Amino acid sequence: MILKKNDKIELLIETVTSEGSGLGRYDGIAVFVRGAVPQDRIIAHIIKTSKSYAVGIIDKILSPSPCRIDSDCSSSDKCGGCSFRNMTYEEELKYKMNRIQDALKRIGHIDVTVDEIIGAENVNHYRNKAQYPVHIENGELSAGFYAYKSHRIITCQSCLLQPPEFEKGIEAFKTWVKKNNITSFDEKTGRGLLRHINFRKSFGTGEIMACAVINENDIPDRDFLVSLLLQAFEKLRSVVININKENTNVILGNETKTIWGSDKICDILLGKRFVISPESFYQINHDQCENLYKTVAEFADLKGSETVVDLYCGAGTIGLTLADKCRELVGIEIVPSAVENARENAIINNITNASFLCADASAGAEEVQKRGIKPDLVILDPPRKGCPAELLIAVEKMTVKRIVYVSCDSATLARDLSILVQMGYTVSKVKPVDMFPRTPHVETVCLLSKLNVKQHIEVELTMDEMDLTAAEKKASYEEIKAYVLEKFGIKVSHLYIAQVKRKCGIIERENYNKPKSEDSRQPKCPPEKEAAIRAALEHFRMIG
């Protein structure tokens with residue numbers, strides 16, 4: 001049977017995807033159903049079809065899964081944030097474990113036992129940061145989060161992931177908006193003042209930072225807004241405005257102004273104090289962050305005489321929690337304000353054996369090598385897209401014995417570990433930490449070691465990983481392939497990806513994936529595979 005839009009089919013949900021949708025198969029075709037739980041037997045109403053996959057919504061639950069529960073959030077079926085509100089936490093942890101194990105085997109071809117995941121004691125109100133997109137109509141402000149795969153705002157200011165006091169902050173902004181006839185930013189016209197409302201809270205000290213992301217250089221009636229926020233937050237420490245005039249979906253701009261209080265807040269992690277600026281990366285779950293860093297320390301197994309290089313160090317949090325266990329710490333981070341925070345954090349904690357470089361991770365790793373620094377341990381904590389190939393090569397040239405890799409994406413982790421294994425490293429330990437309960441995301445800590453550090457192995461890396469345009473740097477071909485396979489259940493080739501990239505205006509090197517002769521014919525990417533590749537390019541923000 002060929003599935004068509006508006007068909008209703010009986011479907012057994014087998015698993016969930018990396019984005020939290022249920023996955024079942026109908027006559028061999030993958031069917032994705034948002035809100036479905038593994039072992040649910042449902043009637044699915046098909047809303048989208050292609051030759052290789054279909055998308056449906058739940059029309060009726062014939063037989064609920066033993067792990068299905070009632071959602072405790074009225075917005076969870078619409079919001080793009082939580083995916084597992086209708087699943088037991090035990091099943092969620094099981095899924096995350098299996099997903100990491102599967103990615104390591106299927107993408108990385110790595111056979112290693114994944115240790116038991118560290119689950120969270122608190123699955124609600126754990127986030128120390130909230131970024132609310134806003135919409136203002138007739139003077140009334142609506143704040144919430146984006147609907148799944150859209151920029152349509154779902155009003156949900158009382159989100160169960162955020163601290164309850166953030167609701168009071170939204171109410172303060174509502175009053176200020178109405179009094180001053182504030183407008184919201186319109187993505188189509190590029191006009192309007194208020195883009196986002198951001199809050200950060202220190203769970204260690206209780207301090208709160210409020211940030212208005214705006215499309216102008218300043219806001220009206222500053223003092224009134226500050227007075228309202230002081231009433232809302234007992235421990236308000238900082239009020240800032242961030243200026244973002246770009247037509248982009250990136251939330252923060254490059255300039256931040258402090259309009260009241262400090263330009264940062266302070267948190268406490270594992271007994272050490274850390275200052276945080278609005279732009280600084282900082283793990284969003286305080287308690288699980290401590291468990292994550294304890295795992296890093298366990299895997300690092302420092303004896304006191306080692307030199308540690310902390311790449312993607314952010315505000316220095318991972319490295320500085322290890323500083324009293326090593327001889328020297330060198331942190332590398334590209335965000336200037338985060339580097340300033342890291343240096344200040346070292347001073348605050350009386351740490352004298354740490355230094356920090358403001359540089360891209362790859363350039364920083366090369367600079368470390370030029371300075372003759374020979375690390376015994378390298379810590380990698382990259383963003384979701386993982387490490388560029390040139391960084392992994394730079395790390396390998398350091399002849400470092402051990403690497404602790406911290407990842408928030410199992411697919412890019414598996415890809416990078418596969419490259420490091422080719423370089424002679426062995427993956428010896430893997431332990432997940434559930435930093436993001438009720439969402440599909442999970443952190444993983446890996447230990448890699450190389451017995452013979454003098455051994456140098458030439459690794460063949462495809463040129464698409466080594467010679468990339470600015471857009472291509474956001475995701476490698478292998479990352480795109482992995483995303484398409486995991487999300488849509490179909491395989492795509494480098495050739496098809498290259499064809500779609502060219503259609504989208506992402507320029508390839510002149511001879512890449514071109515026929516060897518003018519007469520030869522290349523197969524054209526089928527429409528359903530083109531659609532899946534375009535979805536991947538959108539996911540990695542390589543196209544709009």
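Biologist: Where does Asn138 lie?

Modeller: Asn138 is in the loop between β6 (129–137) and β7 (140–146). Strands here are DSSP runs of E with at least two residues, numbered from the N terminus. Keep in mind that this is a predicted model, where local features need pLDDT of at least 70, side-chain atom pairs count only at pLDDT 80 or more, and totals for chains, interfaces and linings use all residues. Residues are numbered from 1 along each chain as its sequence is written, and side-chain values use heavy atoms, with hydrogens and water left out.

Biologist: Is Asn138 buried or exposed?

Modeller: Exposed, with a relative accessible area of 74%. The cut-offs are under 20% for buried, over 50% for exposed and partly exposed in between, using a 1.4 Å probe and protein chains only.

Biologist: And how far is Asn138 from Asn181?

Modeller: Their C-alpha atoms are 8.6 Å apart, while along the chain Asn138 and Asn181 are separated by 43 residues.

Biologist: Switching to rings: how many aromatic pairs are there?

Modeller: Eight. A pair means Phe, Tyr or Trp rings (six-membered ring for Trp) with centres within 6.5 Å; planes under 30 degrees apart are stacked, over 60 edge-to-face, the rest tilted. Take Tyr132 and Phe199: their ring centres are 6.2 Å apart and the planes sit at 70°, so that pair is edge-to-face.

Biologist: Which strands do Tyr132 and Phe199 lie in?

Modeller: Tyr132 is in β6 and Phe199 in β9 (residues 194–201), so the pair ties together parts 67 residues apart in sequence. Tyr132 is buried at 0% relative accessibility, and Phe199 is buried at 0% too. Ring pairs also link Tyr132 and Phe199 into a cluster with Phe145, Phe166, Phe173, Trp176 and Phe233.

Biologist: What about the largest nonpolar core, how many residues does it have?

Modeller: It has 77 residues. By nonpolar core I mean buried Ala, Val, Leu, Ile, Met, Phe, Trp, Tyr and Cys residues joined through side-chain atoms within 4.5 Å. Among the members touching the most others are Tyr132, Phe199, Leu194 and Phe356. Apart from that core lies another, of 48 residues, including Ile107 and Val378.

Biologist: Is Cys313 buried or exposed?

Modeller: Cys313 counts as buried, at 6% relative accessibility.

Terms used: Helix = DSSP H or I, 4+ residues; strand = E, 2+ residues; numbered from the N terminus.
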